[in-house]
Amino acid sequence: MPALACVDAAVPPPGYGFAWGSALPAPGAFPGGAPTTAGGATSDWTSPWSTDHSAALYRINGWGAPYFCVNAAGDIAVRPHGAATLPHQEIDLMKVVKKASDPKSAGGLGLRLPLLVRLPDVLKHRLESLHAAFDFAIRSNGYGSRYQGVYPVKCNQDRYIVEDIVEFGSPFGFGLEAGSKAELLLAMNSLTRASLEAFLICNGYKDEEYIALALVARSMDLNTVIVLEQEEELDTVVETSHRLGIRPVIGLRAKLRTKHSGHFGSTSGEKGKFGLTTTQILSVAQKLQRLEMLDCLQLLHFHIGSQIPSTTLLADGVGEAAQIYCELARLGAAMRVIDIGGGLGIDYDGSHSSGSDMSVGYGLEEYAGAVVRAVMSACDRKHVRHPIICSESGRALVSHHSVLIFEAVSSSTTKAEPLPSIGSNLAYFLDELADDARSDYHNLMAAALDGEYETCALYADQLKRRCIDHFKDGVLGLEHLAAVDGLCDLVSKELGVADPVKTYHVNLSLFTSMPDFWAIGQLFPIVPIHRHDQRPAVKGILSDLTCDSDGKVDRFIGGQSSLPLHELGGGDGLGGGYYLGMFLGGAYQEALGGLHNLFGGPSVVRVSQADGSHCFAVTLAVPGPSCADVLRAMQHEPEVMFEALKHRAAECAAGDAVPRALALAFHSMPYLVCAATAAGVSASDGEGTDGMSSDSDGCVGCGEEEDEEWEFMRCLHV
């Protein structure tokens, strides 16, 4: 007797028909409730869809202001100069993707996705806005000194970002902060092109080599300050400075009592990882006095924690530190700078709330005003001269300036697709069920006929569990289990209890490009970058390419467990592709990202606002790391591997095409070649980025002295 394919839920057997009445909820676009906007109100799903609906649904006007918006075409646009951006200066991200992924023969760059879009104009605006906020607070409060910030390079050590910050910050004496020897070398080199007043703040744990390097930087007329994180570092600073004959400028990191709750406050308070207690601060000051080096102590540093949620907490911490500063001045130290550390937060979820790590309840002006007033109040009470205010606001500077763009390659749902009719095979299906399962089936049908839908769901669940047990015992065949699954999924769908969430498979490695989501639960705004003039009809979660169950995004801003998305293949994307963007990820993600499953970083383009039809110019384009590059990073030798595989192919008479295929595989990025971008990639894969309007020497596989065959392999065109 032939095996059954499935059960016919649409044409039930006589006497057991489904009596689906009008009382049952018809599945809508968003079963389980319509998405809510930033304010928690349900979107109006009955009116015609507009880009304004999308902006509210995805909270773009909250987390994105003033740099991101939805344009009239339904695409996400960048406003590179913030609120001062004119309409013709907006940069359409879909046009950037097209420029990057189109083949060179069509005027594109031939890059593969994922794609990291850097926006130096946004970075410049952030730095200028930070300085303007402090400048306004200083002038409006009558403060007697100035603001002079530094960028902590640990947030993103990319060469072009650091160089941009030094260039953009030069009029303001903006400097750099380093926390390791490598970062110190980076900062020293970059600051040779900066203002002579720019600070070089040396934080982190230090040995003699680190301190000697910092003192050498001071001898090169770099405005270097060695900040003591531990009391014992003082001895090394004194000994090394005497040996080199270079008098140091010293700062202290204070361990404050003030701290905030949540993940980002764990490095503050009395039990924090870094800093000196009041007892240790006094001990350092007294030792410097004995050594006649108290004039070297000029800076006080502290750090309450990243993402300080409110100005109330900020003022409390700054006020405490300002008291310590005044006391050090009273003891005779030549104090001139108070370094308030990091903590200037950004609004990841657009809620403008102080109740979570994902948002803050203030803006730049409120932050700067709270700092200036707290320092001024403490100093005025103690009749101490107002110090230079320094901050290490890395996250707030660089988070907005880059957008990670990736493509959804397919989607799937947890429910089974409708199964074909069993026709005359229903009797066989029932005969194969055990007595208890057959009884559940009949009870299910009877409950459906009587309209007892809660009972119907109960019997469907019971039938499914029994049949799974029977399958595990070898009593039930695969075809019959599939038939039961199909029947139960249909019941769940008709009752409105089926899980409507689809999984969208994205061409991305979560561990490489969004490590903070996996490591600490950090949420980033993730939205489609196009089709915002269309109503999203799907609830989705994102699953990356890695062979790891943690490689998924199933938590989104606003406390949502799914993301409103569009059906694949129905849009106006490049070749029908569906493109998503992760925003506000410019800090930490690149440095922390790993090589899980040997997926390397994305391709990178540097995009500046320019006159012309597209409103932008690509000033740098760097292909993402190839398979050879990521293998080499793990101590493999791609050249040797290629030769060995080519030799094996020759032994097996695999054909002349195999070496070319191997060469292409080594040279290609590890990510998928999606249908939407395959034409562009195949037309230009392996080519450099010639034709760029600035540096293009960062392309993979250029300028190396290698044997001819390996050079062919590296530069092979499809």
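A residue counts as buried here when its relative accessible area is under 20%, and that cut-off is what the first part of this account of a predicted model rests on.

By that criterion, six of the six residues of strand 8 (residues 223-228) are buried, so the strand is largely enclosed by the rest of the structure. In a regular strand the side chains alternate between the two faces of the sheet. In strand 8, Asn223, Val225 and Val227 point one way, while Thr224, Ile226 and Leu228 point the other way, and all are buried. Strand 8 is joined to strand 7 (residues 199-202) by four bridges, and the two strands run parallel; within this pairing, isoleucine 201 has valine 225 of strand 8 as its bridge partner.

Several strands pair with strand 16. Strand 14 (residues 501-506) pairs with strand 16 in the parallel sense over five bridges, and here lysine 502 stands opposite glycine 540. Strand 18 (residues 563-565), in contrast, pairs with strand 16 in the antiparallel sense over three bridges, with glycine 540 standing opposite leucine 563. Strand 17 (residues 552-553) also pairs with strand 16 in the antiparallel sense, over two bridges, and valine 553 of strand 17 is the bridge partner of leucine 542.

Another sheet is built from three strands in the order 1-2-3, and this sheet is open, with antiparallel pairing. Strand 1 (68-70) and strand 3 (91-92) are its edge strands, each of which pairs on one side only. Three bridges connect strand 1 to strand 2 (residues 76-78), and cysteine 69 stands opposite alanine 77 of strand 2.

Helix 21 (residues 638-651) packs against helix 22 (residues 657-667) at an angle of about 155°, with the two axes 10 Å apart. Because angles over 145 degrees count as roughly antiparallel, helix 21 is described as roughly antiparallel to helix 22. The crossing of these two helices is right-handed. Helix 21 contributes Pro638, Met641, Phe642, Leu645, Lys646 and Ala649 to the contact, and helix 22 contributes Val658, Pro659, Leu662, Ala663 and Phe666. Sorted by class, the contact of helix 21 with helix 22 has 10 nonpolar residues, no polar residues and one charged residue.

Technical notes:
Residues are numbered from 1 along each chain as its sequence is written. This is a predicted model: local features need pLDDT of at least 70, side-chain atom pairs count only at pLDDT 80 or more; totals for chains, interfaces and linings use all residues. Side-chain values use heavy atoms; hydrogens and water are left out. Axes are lines fitted to C-alpha atoms, for helices over the stretch in contact, and angles run from 0 to 180 degrees between N-to-C directions. Angles under 35 degrees count as roughly parallel, over 145 as roughly antiparallel, 65 to 115 as roughly perpendicular and the rest as oblique. A crossing is left-handed if the near helix is turned anticlockwise from the far one by less than a right angle, and right-handed if clockwise. Contact means heavy atoms within 4.5 Å. Ala, Val, Leu, Ile, Met, Phe, Trp, Tyr, Cys and Pro count as nonpolar, Asp, Glu, Lys and Arg as charged, and the others, Gly among them, as polar. Buried means under 20% relative accessible area, exposed over 50%, partly exposed in between (1.4 Å probe, protein chains only). Two strands pair if DSSP finds at least two bridges between them.
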